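Dear colleague,

I am passing on the structure we spoke about, and I would be glad if you could look through it alongside the notes that follow.

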Amino acid sequence: MDQNLLQDAKEHPRDNYMLLKDVEDNRLGIFDRPLPCFGCGIGWFSLLLGFVFPFMWYYATILYFGNYYHKDPRERAGLAANAIAALIFTVAVLVAVAVVLL
């Protein structure tokens, strides 16, 4: 634990509130802007569009494995859902091809 925080806690009376973070720490402010693609993010938009055009799942999977979500962590869940959808679609296509050919 940081010694400065411990000193601050000792100086304040027990019933008063103490500031835990700096007011000028605006790292959280970068996520105030809305997500692209109508506000639902690239990942979820690609998942929905993938039911019409399944190659969008593979595009989003490439973004997921390329760590695109480091730009905005809110995109991670949607991109992961696309990776799962791409895997399921690939297995279904392989099974369908095996049934038709064998």
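**How α2 and α4 pack**

Helices α2 and α4 run roughly parallel to each other, because an angle under 35 degrees counts as such, and the angle at which α2 (residues 41-50) and α4 (residues 76-101) pack is about 30°, with their axes 6 Å apart. Please keep in mind that this is a predicted model. On the α2 side the contact is made by Gly43, Trp44, Ser46 and Leu47, which meet Ala77, Gly78, Leu79, Ala81, Asn82 and Ala85 of α4. Six of the residues in this contact are nonpolar and four are polar, while none is charged.

**The nonpolar cores**

The largest nonpolar core consists of seven residues, namely Ile42, Ala60, Leu63, Tyr64, Tyr69, Leu79 and Ala83. Two or more of these residues come from each of α3 (55-65) and α4, and α3 gives the largest share, with three residues. Apart from its neighbours within four places in sequence, Leu63 touches Ile42, Tyr68 and Leu79. There is also a second, separate core of five residues, among them Trp57, Ala81, Ala85 and Ala86.

**The chain as a whole**

The protein chain contains four helices and zero strands, and 23% of its 102 residues count as buried. Of the contacts with a separation of 6 or more, 53% are between residues 24 or more positions apart.

With best wishes

Note on methods:
Residues numbered from 1 in each chain as written. Predicted model: local features only at pLDDT ≥ 70, side-chain atom pairs only at ≥ 80, totals over all residues. Heavy atoms only, no water. Axes fitted to C-alpha atoms, helices over the stretch in contact; angles between N-to-C directions. Parallel < 35°, antiparallel > 145°, perpendicular 65-115°, else oblique. Contact = heavy atoms within 4.5 Å. Nonpolar A, V, L, I, M, F, W, Y, C, P; charged D, E, K, R; others polar. Core = buried A, V, L, I, M, F, W, Y, C linked by side-chain atoms within 4.5 Å. Buried < 20%, exposed > 50% of the residue type's maximum accessible area, 1.4 Å probe, protein only.
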